[in-house]
There are 2 protein chains.
Amino acid sequence: MNLSDSQPSGWQFSQRALKLTSSAIREILKVTERPEVISFAGGLPSPATFPAEPMREAAGRVLRDAPGAALQYSATEGYLPLREWIAARYGVRVGQVLVTTGSQQALDLLGKALIDPGSPVLVETPTYLGALQSFSLYEPSYVQVPTDGHGLLPESLTPALTQGARFLYAQPNFQNPTGRRLPIERRRALAAFAQGSPFPVIEDDPYGALNYAGEPLPTLLSMAPDHIVHLGTFSKVLAPGLRIGYIVAPEALHFKLVQAKQATDLHTPTLTQRIAFEVVKDGLLDRHIPEIRQLYSAQCDTMLDALARHMPEGVRWNRPEGGMFIWVELPAHIDSLQLLDAAIARNVAFVPGAPFFAGSAPSNTLRLSFVTVPPAKIEEGVAKLGQLLRERL
Amino acid sequence: MNLSDSQPSGWQFSQRALKLTSSAIREILKVTERPEVISFAGGLPSPATFPAEPMREAAGRVLRDAPGAALQYSATEGYLPLREWIAARYGVRVGQVLVTTGSQQALDLLGKALIDPGSPVLVETPTYLGALQSFSLYEPSYVQVPTDGHGLLPESLTPALTQGARFLYAQPNFQNPTGRRLPIERRRALAAFAQGSPFPVIEDDPYGALNYAGEPLPTLLSMAPDHIVHLGTFSKVLAPGLRIGYIVAPEALHFKLVQAKQATDLHTPTLTQRIAFEVVKDGLLDRHIPEIRQLYSAQCDTMLDALARHMPEGVRWNRPEGGMFIWVELPAHIDSLQLLDAAIARNVAFVPGAPFFAGSAPSNTLRLSFVTVPPAKIEEGVAKLGQLLRERL
């Protein structure tokens, strides 16, 4: 394709760049930045949960005690004390830990290291949109793994389905977009599958700490340490603006990921890594995460309560046990993309479900986030959505 | 290739990842981290140039006045006031400016947006090793553009050489590794070439501010604003540990780069962008850069003086007018990689020249950095290298 229309000199883009289409949703959602819009669309953590004062103190300490090191280039693998802290938290070797510029970069590096054009890549149905965006730059052939209301169905991972796959990508905890948590029996089955599989299972776990009741379920990593690639992040439990995530992987893959990262951004900013370490090293997360859980859990209850009162018959949704999202299924004839247009006209926003599917997608699903909007606005926004739906039924 | 030797389950890597070989140099240079080694290898700015106190104040201000915003997700394009500051400095439209996670990420994004497997990519002879690493992940076919002691030869850019190229990558100012600065007449010729070319010229300019005498030469961007993609960074004039670079590009390419960046790391950390803006907005760089120039210029003179006194006949080097590097040519029969082994045994290090060539490379060149090592150690290290060479001649 020649881009002489828009580019002064008709510069030629790569095939992968030509496939990067402007998301209709992204354009629509730009309007949700207007302050009058009640947006259930974003996955933005509530700024009320950011430990601003400890961060300010940590930044001051780092830049007073070690400015030369904090402002200098540093190792591609990440800041060693932070890697050691992560390794200890997971009970893994420090040589398995790579600090990434947010979890999104982990997805890009895994695409770089593992995907050739046309490689089969297994994903949940639906799956995380941001992962599809990252992987797609490396032009895989997606295979959708069947799911039900509790997540991925391990028995569906037959040789016929998984033949030639480079990896299986999954979010067992409070999946984005569905909020589903994979039950313990399925975790055991998936870990066993990973142990016998010629490709890794990638366990993306941004929301694992945000369980609202009872004990967290064990990670796949803890069940099959040498066969799982585990992705974590400080974005949901500390602050996303730091852009600090990490990959726990067996050393051979770790080494390839380090080489790929060196070519990608040399290293994650030294300053933010040191600030994050200063903040977490004395156990702040153990005090802080329960506060986040309590806040989000209450907002989740508010939204569930509002849905029960305002949604007309025929609309279904799940009751998340953690995380940030509720997944809604509308009656089959209602298109959630069209509904979004109408909702935005009334200053309410959400994300339609279709873009979260790697292949064929139903048009009647949507994702609601309950973490960004305060409770009174949750009630108001859900009431408006309910009214809109009643008008259409 | 099956990796069952090292990977528990024989996981298959991508073709591009298999080509990521462990650099012999990288392994050797790990030993240069020993404190007793005088390393002319690294391109690390002197920590003495980091404005630690203004950074500490800026970090405190940002985290006191706007913690919610500074710690939150933010726009892929970058922090708007910082983009406006950059746009004003270059006299370009803010819509052309994308903030990147260091300049290294700019190279990765350009590879993503412009290179298909086998695409011809034009590079200088030699060229920046880090650019080769980034671009190579997208599997281009490199074409080496002839150079002389003053850099790229514009008259060599014939239709036969440039046929089908996706871009020409150049560092006109104090190139890494040679330290060469492209003369004004060649800049004019290269800008004219860009204006008539069906592909962009990428002007990577990390060292432009570090000119040691006289006026800086005009950028290619200033000569052909719609036909140049300009890369800049705060790493050499502020602090590399922030990982803040930027791309100035025509809007159509800018838009593709934004989409690619969204899939790559969502956005550059909000906190570091806001700190950088706080530090530079009141003109700190205009006061600070002359101090860096003075320090590096003196260290450059120290190294040139030491080379003149210690190098045996037959060794040649250039006199850089700025930047961080001196390029050394040894007598033809001396292999700089072998010399490095011997030098490290005597606790001196440098980077051999061969890895900076995209194709056939001479074995008798090397790069010396004069910015990291203090003057007394420069003298001692160069004396040791001179002694080593005398033993071999």
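These questions and answers walk through a sheet, a helix pair and a chain interface in a predicted model.

In this predicted model local features need pLDDT of at least 70 and side-chain atom pairs count only at pLDDT 80 or more, while totals for chains, interfaces and linings use all residues. Residues are numbered from 1 along each chain as its sequence is written, and chains are lettered from A and ligands numbered from 1 in the order in which they are written.

Me: In what order do the four strands of the open sheet of chain B stand?
Reply: Strands here are DSSP runs of E of at least two residues, helices are runs of H or I of at least four, and both are numbered from the N terminus. Two strands pair if DSSP finds at least two bridges between them. The pairing in this open sheet of chain B is antiparallel, and the order is 11-12-15-14.

Me: Which strands of chain B stand at the edges?
Reply: In the order 11-12-15-14 of chain B, each edge strand has a single partner strand, so one side of each is left without a neighbour in the sheet. These are strand 11 and strand 14 (351–352) of chain B.

Me: How many bridges join strand 12 of chain B to strand 15 of chain B?
Reply: Strand 11 (residues 316–317) of chain B is joined to strand 12 by two bridges, with R316(B) opposite E329(B). Strands 12 and 15 of chain B run antiparallel, and the number of bridges joining them is five.

Me: Why is strand 12 of chain B largely enclosed by the rest of the structure?
Reply: A residue is buried if 20 or more other C-beta atoms, placed from the backbone, lie within 10 Å of its own, exposed if 12 or fewer, and partly exposed in between. Strand 12 (residues 325–329) of chain B is largely enclosed because, of its five residues, the number buried is four.

Me: At what angle do helix 13 and helix 15 of chain A cross?
Reply: Axes are lines fitted to C-alpha atoms, for helices over the stretch in contact, with angles from 0 to 180 degrees between N-to-C directions. The axes of helix 13 (residues 284–310) and helix 15 (residues 375–392) of chain A come within 9 Å, and they cross at roughly 30°.

Me: Which helix of chain B gives the largest share of the side that touches chain A?
Reply: Residues are in contact if their C-beta atoms, placed from the backbone, lie within 7 Å, and 71 residues of chain B are in contact with 71 residues of chain A. The largest share of that side of chain B, nine residues, comes from helix 11.

Methods
Two residues are in contact if their C-beta atoms, placed from the backbone, lie within 7 Å.
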